[in-house]
Amino acid sequence: MRVRLIFSLKNKGSYLPFHHQYILAQFLKGLIVKGGREEFYNYNYFNFSGLKGQTKVSRSGLHYYSSLVTLVLSSQSEDFMDYLLEQVFATPKIELGNLIMVPEYTEIEVEPVLETSNKFVCISPLVLITPAFNEEAGKRFISPDSDEFSDLLYESTLTRMERSGWYTAEQMETFYKFQVVPDMVYVNKLKEAQKKFARIYAVYDMDVKYEVRGYTLPITLYAAPEVQDFVFKCGLGAFTHKGFGMLDLANHPTGPRTTTYKFKREGFVPYKPSSERTRENVAPPVEDSNEDSSSTEES
């Protein structure tokens, strides 16, 4: 299941660092421990996005200007998801970096039907390697169109699936067909524009800081539907429980994408536009600028 957690932002214009997955990971880990259910203290089969909202770039980081900001959470376990959301809504005020937020409501995404071939976009960076302490291997650049890029993702995915205990040995043997194909047209356009699709990110594990290379690009995954479902809900690559490797479909089917979920702050009414109301554009067109949010983390 994939749930959108919507916060109201109380101090518009406040900012987070460009690469803030470690801040979100520390916040969520704190909530997991605070709730007191020890079976979830080391639970790794969940994933989350970066914090989404209307942003502008400065030297300090990403400044958020929208009234609401969203975090996408995903897991195979409804029990874990509800436990985590309970802890979020038991926290009346949340401070992340310079942001002051209040949890308002949740929506559950309608589960798509995944085929043996799906095009995905990364809504958090994709990490290939789990480095050992005090080594540089995690920062090594690996070309997305190389066999090694796909092989590393295959090994990490199948290892995580096997460790989960959710699949029989017979099922695991059928999952050998696996290939990740990057959108090299997209990658080459970024290169031509002197923009980056691969960066170094900080990850903290057991209070130890690691530096890893993360990739943000569209990919097509060829694999069994069970494998597609696993990576869609639990992430692809390394450090998925730290907020890396979250995917979304590049093209969604028509129709509603979310429905109301059970968690909502008492008294808060989400804005729903009236079907009879129309909006007219009155602002002048916005010219492209380095300050525009579309260039976030790509400049």
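Trainee: Which residues in α1 are buried?
Mentor: This is a predicted model. In α1, the buried residues are Gln-21, Ile-23, Leu-24, Ala-25, Phe-27, Leu-28, Leu-31 and Ile-32.

Trainee: And what covers the buried residues of α1?
Mentor: The cover includes strands β2 (15–16), β3 (46–48), β6 (68–75) and β7 (94–96), along with helix α2 (78–89).

Trainee: How far apart are the end C-alpha atoms of α1, and what span should its 14 residues have?
Mentor: They are 20 Å apart. At 1.5 Å a residue, the 14 residues should span 20 Å, so the two values agree.

Trainee: What follows α1?
Mentor: Gly-36 does, with a positive phi near 90 degrees.

Trainee: On to the core. Which residues touch the most other members of the largest nonpolar core?
Mentor: Leu-73, Met-101 and Tyr-215 do, in a core of 71 residues. Helix α1, residues 21–34, gives the most to this core, with 7 residues. Apart from it lies another core, of 7 residues, including Tyr-201, Ala-238, Phe-239 and Phe-244.

Trainee: Back to Met-101: what does it touch, leaving out residues up to four places away in sequence?
Mentor: On that count, Met-101 touches Phe-7, Ser-8 and Leu-9, then Leu-51 and Val-69, and also Pro-92, Lys-93, Ile-94 and Leu-96.

Trainee: Different topic: strands. How many bridges join β12 to β13?
Mentor: There are 8 bridges between β12 (residues 198–205) and β13 (residues 208–215), and the two strands run antiparallel. Ile-200 stands opposite Arg-213 in β13.

Trainee: And how many residues lie between them in the hairpin?
Mentor: The hairpin has 2 residues between β12 and β13. Met-206, in the turn, has a positive phi of about 55 degrees.

Trainee: What is the order of strands in the open sheet?
Mentor: The order of its 4 strands is β11-β14-β9-β15, with antiparallel pairing. β11 (178–182) and β15 (247–249) are the edge strands, each pairing on one side only. From one strand to the next, the twist averages 35 degrees.

Trainee: How many bridges are there between β9 and β15?
Mentor: β9, residues 117–122, pairs with β15 over 3 bridges in the antiparallel sense. Phe-120 stands opposite Leu-249 in β15.

Trainee: Which strands does α6 lie across?
Mentor: α6 lies across β9, β11, β14 (219–223) and β15, and it runs at about 135 degrees to β14.

Trainee: At what angle do α3 and α6 pack?
Mentor: α3 (residues 147–164) and α6 (residues 225–234) pack at about 90 degrees, with axes 11 Å apart. That angle makes α3 roughly perpendicular to α6.

Trainee: Which residues make the contact?
Mentor: From α3, Thr-157, Arg-160 and Met-161. From α6, Glu-226, Val-227, Phe-230, Val-231 and Cys-234.

Key: Residues are numbered from 1 along each chain as its sequence is written. This is a predicted model: local features need pLDDT of at least 70, side-chain atom pairs count only at pLDDT 80 or more; totals for chains, interfaces and linings use all residues. Side-chain values use heavy atoms; hydrogens and water are left out. A nonpolar core is a set of buried Ala, Val, Leu, Ile, Met, Phe, Trp, Tyr and Cys residues joined through side-chain atoms within 4.5 Å. Buried means under 20% relative accessible area, exposed over 50%, partly exposed in between (1.4 Å probe, protein chains only). Contact means heavy atoms within 4.5 Å. The expected span of a helix is 1.5 Å times one less than its number of residues. Two strands pair if DSSP finds at least two bridges between them. Axes are lines fitted to C-alpha atoms, for helices over the stretch in contact, and angles run from 0 to 180 degrees between N-to-C directions. Angles under 35 degrees count as roughly parallel, over 145 as roughly antiparallel, 65 to 115 as roughly perpendicular and the rest as oblique.
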